[in-house]
Amino acid sequence: MRTTTARRNDFRARGHAAYWAFVVHRVSGIALALFLPVHFFVLSQALARPAALDRFLNWTQQPAVKVSETLLVLALAAHLAGGVRLLLVEFVGWRAEWQKSALAIAAALACGYALLFALVA
Amino acid sequence: MSRDAESTFAVHIWRGDAGGAFRRYDVPRRASQTVLDVVTFVQRHVDPSLAYRYACRVGMCGSCAMSVNGKARWTCRTHVDAVAADGALEIAPLNHLPVVRDLVVDMAPFFDKWAKARGSFVPTSTRRDAFARVEPSSAERRAVDATIECIGCAVCYASCDVVGWKPDYLGPAALNRAFTLVSDVRDGAGAARLRAVAGDAGCQACHTHQSCTERCPKQLAPTASIASLKRLVALAAIKGKL
Amino acid sequence: MASGHAETNGIVRATNAQADAQWGRHARFAAWRFVLQRASAAVLAVCVVIHLASIIYGVRHGLTSQAIVARMHASAIWPAFYAVFVVAAAVHAPLGLRPIVDEWLGLRGRGVDAVLALFACVLLAGGVYAVASLAG
């Protein structure tokens, strides 16, 4: 029987909440992994070049940078909330009826914190 | 009843192998029509060369699983009204399995992975021993009850994006069956099965998309089984028993 | 390396002991990567909650290098806290990137693992240096 390669999924197979949670978790993880080295470098300037660091911190007060910071903070909060949900599923246990609620709570907490940051900072 | 009075609708059915294409057929719309009815109509009245699989046609065997408007489903249990609200129906073979022809896929890789995950029972007693006594209300038996109804239809496998991204990934059905056996107190495979389901193509590759759980026609939750396997494999590794 | 196969009741097993041992090693490595990933995640969960709170505090009370350094010196707990944070992040991020690089870029194998290990070292070194700079 001659057989050939397989067909793949498209967006229609991906319309459920848990899938979007995965996308948010993965994309936020990539963003944070790329941001971390930059973050460490900037902070390390505190000893050697404090004046340069202060100029940089001043620059971050600009609205465009503030928006990016809010997005970063949202990424961190979302990755945390999604990660805690996964740890619960894998180590505490699965209840089918809790899955949608867990997703909603995680999303609410992440967005709530990011909103707090945007308003207060 | 005059045939001219019957309304028809457009159905796009995959023809050929993986390099094939959709072909349009105009099919009469009938009450309580299922997608399997549509495919059968085309094969019997329009094009006898259309290849497809079915058996029980009452939602018990899983043979009629196909991709309907992009989602893997049992076509005998999918009413046209439920999926073709705007009158458009697209029928394709299951994803992630080699396409033999038209709507028929090669199920061999699916069952090969079942075997790779050690998805078969390893007996520990003989006919000379007494029957095993497993209390129905015990935690282990309830765990088995929740996962054992799988009939190997491959809808979950076709729905899983990790299967699509990692061709070696054992997949939700094989892992679900492995967990069912891990929960079976009579089974003797032990750590060997946990080793079989661990690895880059094993349970740790699951990203909890829950596509399998969304689509399983028997309402099983392979995501839950795989999460349990992750936990059991981790504990075995930490205890040095893997 | 040739491996023999035995078939019993439809179950095909590699009878080559070497292949078995190799698979066992692969399974154990994967299990340990999972354990490290989840353990570092649990540590990070605690650290990030504290960090998120301190971000709000820090932004309200001044974001100059002087203010940040002063807060770091307020207690010996802070440098220790951030050191733990850095180690957990240096473990978690590369392990998290590994499946992404495999699934979405199609890259896997020893070369990829070496690059990820290097990234872990970069994060660890950079993070420790940052903590040291701030803790003065």
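Which strands of chain B does helix α1 lie across? The close-ups below take this up, after two notes on the model. This is a predicted model, in which local features need pLDDT of at least 70, side-chain atom pairs count only at pLDDT 80 or more, and totals for chains, interfaces and linings use all residues. Residues are numbered from 1 along each chain as its sequence is written, while chains are lettered from A and ligands numbered from 1 in the order in which they are written.

**View 1. Helix α1 of chain B against the strands.** Helix α1 (residues 35-46) of chain B lies across β1, β2, β3 and β5 of chain B. Its direction is at about 95 degrees to β2(B). Helices (H or I, at least four residues) and strands (E, at least two) are DSSP runs, numbered from the N terminus. Angles run from 0 to 180 degrees between N-to-C directions, with axes fitted to C-alpha atoms, for helices over the stretch in contact; contact means C-beta atoms, placed from the backbone, within 7 Å.

View 2. Look for W14(B), whose bridge partner in β2(B) is F22(B). Five residues separate the two strands of the hairpin, and G16(B) in the turn has a positive phi of about 100 degrees.

**View 3. Strand β5 of chain B and its partners.** β5 (residues 88-92) of chain B runs parallel to β1(B), joined by four bridges, with H12(B) partnered by E90(B). With β3 (residues 65-68) of chain B, β5(B) is antiparallel, over two bridges; V68(B) is partnered there by I91(B).

Methods
Two strands pair if DSSP finds at least two bridges between them. Two residues are in contact if their C-beta atoms, placed from the backbone, lie within 7 Å.
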